[in-house]
Amino acid sequence: MEYPFGGYIGQILRVDLSRKKHHVEPLPKDLARNYLGGLGFAARILFDELKPKIDPLGPENELIVATGPLTGTVWPTSGRFAVAAKSPLTGVWGEAHCGGFFGPMLKYAGYDALIIQGRSEKPVYLWVDDDSVEIKPAKDIWGHNTAETINMVREIHDDSQIEVLSIGKAGENLVKFACIINNYYDVAGRTGLGAVMGAKNLKAIAVRGTHGVKVSNEEEFLRLAAEAYDCVFKEERLDGLKYYGTSPPLIDMKRLVGDLPTKNHQTLIFKEAEKFGCKAVEKYFVKSRACFACPIRCKKIHKIPSGKEGLIMKASEYESTCAFGPNCGSDDYRAILEANTLCDLFGMDTMSAGTVVAWLMECYEKGIVTKKDCDGLEMNWGNSGAIVTLMEKIANREGIGNLLAEGVYRAAQKLGRGSMKYAMHVKKMEMDLNDGRGHRSMGLTQATSPRGSCHMRSLVVVDQGFAFKKVATERYGEDKLPEICDPYAEKHKALAVKDCEDVYAIRDSLTMCWYACGWPPAFWIDDFAAAAAATTGIKEFGDVKEMYLIAARICNLRRAFNLREGLGANGDTLPERILKEPIPDGPSKGQVVNLKVMLRDYYELRKWPNGKPRRKTLVDLGLEDVAEELERLGRI
Amino acid sequence: MAKIVYTGEGCTGCTACVAACMYAHDKEFGVGASRIWIVKEEPVTDHPIVCVQCAKPPCRDACPVGAISKTDDFVLVDEKLCIGCGACVEACPFGAIIIHPNKKVAIKCDLCSGKEPQCVKFCPPKVLKLHTPALAPKAKVK
């Protein structure tokens with residue numbers, strides 16, 4: 001029978017690797033209605049199906065790949081999907097989001113979501129060909145990098161149009177920040193979900209789909225989609241992304257406002273940063289590529305002079321450029337691209353990898369580790385050769401790489417000698433390349449993000465770089481000015497962070513790209529509501545209030561997941577450096593983050609006294625069962 | 001002779017055209033039953049493939065049941081006559097005709113039957129164009 005709502009397929013594929021079995025379940029209507037899709041599905045399924053305190057690398061953990069109602073339609077930037085599991089890096093809620101083409105293909109094969117449970121004895125890959133699902137041996141593919149894996153799987157099935165999720169050496173070797181790669185360089189990067197796949201002995205998931213996605217209100221959907229494309233075409237603020245990609249414009253902006261984490265966040269000014277700016281890298285540009293149905297095309301291919309031919313590589317995104325560049329004190333663009341490419345091939349998160357290397361460099365600078373400790377590598381700031389070498393060592397867990405592969409928190413714990421002071425992490429996840437001292441709301445974002453330090457869950461844009469007064473007034477009211485637009489003020493930031501967290505929960509459930517709503521005024525929650533209603537035919541989705549309700553449900557559920565694991569307000573903090581060490585130079589000179597004030601406001605807005613949801617907060621969202629479980633465990 | 005042309009530069013491989021094409025014909029967004037597809041090779045190749053509406057179509061000549069004909073404007077498959085044997089798929093030098101995975105008949109670009117071709121409409125970098133004889137002198141082909 002056809003699913004009553006448009007956009008959805010109406011089926012979930014569940015695969016048990018231990019028992020080598022799979023079956024198809026109907027997508028519960030109330031799951032679609034109350035949790036929207038993608039992230040929402042994953043939050044509900046993981047809370048229901050995982051027992052607290054399980055080993056993230058054990059067979060009890062589940063890997064969820066979930067799409068939303070918009071995934072696979074031609075709505076701009078909707079070709080995304082969410083991956084979630086209990087994270088081996090943080091030991092709590094783990095989620096990552098990815099572009100590329102896998103999400104749409106999963107839906108075309110006939111599934112809104114994929115649940116992988118159990119653990120295979122031997123390396124396998126999953127082959128989903130419409131209705132036919134097979135768990136196939138991956139003996140010959142195991143050990144190959146992610147690009148080779150994609151090519152080999154496509155060759156085995158003699159079809160270049162198959163979409164593949166794969167892990168590389170890092171995932172196989174259970175590097176705590178291993179990632180999952182789709183389409184060579186589209187990455188579900190953070191929280192170490194590649195290690196979850198590796199622990200399950202699952203090398204790849206390959207999908208081919210010949211069906212399609214229907215929409216409920218065709219006329220309205222096509223009209224809105226056309227308008228959405230127009231909006232992206234006309235939006236000048238997106239031009240930087242279209243022509244240069246994510247990295248050069250952001251580097252240019254952040255180096256001017258003094259918000260570029262440098263030398264393991266010792267300062268926010270990097271003198272050589274101009275070398276990564278628009279003007280400097282323009283000459284390397286070869287080609288733009290895009291994820292499914294995306295008019296922004298932020299993926300850039302660069303050609304770096306080298307030998308006769310030159311090296312052609314995917315240009316790194318902002319976070320990766322900053323992680324391997326300024327934050328490691330390096331101005332070597334080619335080495336940054338090489339490290340970035342190696343991370344893609346080995347299947348490692350660039351942000352975490354860059355941050356652990358920066359930590360090692362600072363330990364070296366402070367005399368905590370010696371050249372001998374580092375396998376003979378001189379870990380001076382900016383030693384780009386060492387950075388590239390370490391990528392290989394981490395993925396293969398060789399020598400010092402074995403320590404770094406545990407992530408910065410565990411590495412500092414093992415090393416001791418006062419190195420924890422330099423471990424830049426939140427909830428055990430390495431910091432992204434942003435700093436609350438130069439962009440205050442970012443401090444609260446990183447501290448409260450359920451998956452550990454992360455800029456994507458609630459990144460407030462209106463208080464940085466450009467003057468966004470008009471948008472800030474529209475969203476939060478004129479009385480919130482000027483503080484709401486002031487990068488160095490704590491006041492009203494909780495309001496903006498909470499609002500963004502809600503909107504982005506909807507974005508990740510639909511599932512759309514961050515860049516669709518990143519630079520205002522592209523899309524915001526009213527656009528999402530209209531698109532969701534037209535696609536699904538569920539009228540209530542058209543109401544912004546209903547969208548906020550669903551968002552609050554998802555945010556509370558993620559919080560409940562972490563509380564059940566014993567992580568509440570104690571995890572909502574920042575590294576000591578961000579809280580106490582003033583920035584020494586540049587426009588942000590003298591700044592530190594007063595997190596307490598922002599956290600107090602944030603908890604009040606969320607109705608989470610002391611960081612714990614009230615029973616009533618949960619019941620009002622229809623999460624009575626969640627409240628009961630947390631009460632039973634004595635967590636609230 | 002009208003046809004869809006690629007300007008030769010600027011395809012990002014996003015496949016919006018592919019999904020839009022399938023929607024125009026099947027009312028479903030998908031890639032499995034589309035009449036346009038994209039060759040993608042690492043590191044820099046993205047190239048749309050679609051019927052060039054040959055003057056002497058090999059698919060027509062190969063069809064054993066006469067289901068493919070050439071009108072003034074384009075090459076057309078009569079789905080009622082088609083037996084899904086795939087002879088046309090073998091004969092096409094471009095890979096621009098396929099067997100519909102569910103309907104099991106040959107499908108190829110029909111220029112959206114005279115309406116606005118949806119691949120052209122939805123192409124985000126606007127590098128697909130409808131080339132018609134009247135427009136030919138003006139069409140910019142890089």
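Predicted model: local features only at pLDDT ≥ 70, side-chain atom pairs only at ≥ 80, totals over all residues.
1. Domain layout. Chain A is split into three domains: domain 1 covers 11-208, domain 2 covers 260-423, and domain 3 is made up of 440-511 + 543-632. Between the centres of domain 1 of chain A and domain 2 of chain A, taken over C-alpha atoms, the separation is 26 Å.

2. Contact of domains 1 and 2. On the side of domain 1 of chain A, 34 residues are in contact with 23 residues of domain 2 of chain A. Two or more residues of that domain 1 side come from each of helix 4 (146-156), helix 5 (169-172), strand 10 (180-182) and strand 11 (186-188) of chain A. Helix 5 of chain A gives the largest share, three residues. By class, the domain 1 side holds 18 nonpolar, twelve polar and four charged residues.

3. The six-stranded sheet. Chain A has an open sheet of six strands in the order 2-1-6-3-4-5, and the pairing is mixed. Strand 2 (21-26) and strand 5 (93-98) of chain A are the edge strands, each pairing on one side only. From one strand to the next, the twist averages 15°.

4. Strands 1 and 6. Within the order given above, strand 1 (residues 11-16) of chain A runs parallel to strand 6 (residues 113-117) of chain A, and five bridges join the two. One position to look at is I12(A), which stands opposite A113(A) in strand 6 of chain A.

5. Helices 19 and 21. How do these two helices of chain A pack? Helix 19 (residues 493-510) and helix 21 (residues 544-564) of chain A lie at an angle of about 90°, and their axes are 8 Å apart. Angles of 65 to 115 degrees count as roughly perpendicular, so helix 19 of chain A and helix 21 of chain A are placed in that class.

6. Residues between these helices. Helix 19 of chain A brings E501(A), D502(A), A505(A), I506(A) and S509(A) to the contact, where they meet M547(A), Y548(A), I550(A), A551(A), A552(A), I554(A) and C555(A) of helix 21 of chain A. The contact of helix 19 with helix 21 of chain A comprises nine nonpolar, one polar and two charged residues.

7. Contact of chains A and B. Chain A contributes 26 residues to this contact and chain B contributes 25 residues. On the side of chain A that touches chain B, the largest share is four residues, from strand 13 (residues 285-289) of chain A. The chain A side divides into 15 nonpolar, seven polar and four charged residues.

Note on methods. Residues numbered from 1 in each chain as written. Chains lettered and ligands numbered in written order. Pairing = 2+ DSSP bridges. Axes fitted to C-alpha atoms, helices over the stretch in contact; angles between N-to-C directions. Parallel < 35°, antiparallel > 145°, perpendicular 65-115°, else oblique. Contact = placed C-beta atoms within 7 Å. Nonpolar A, V, L, I, M, F, W, Y, C, P; charged D, E, K, R; others polar. Domains from an automatic or database assignment.
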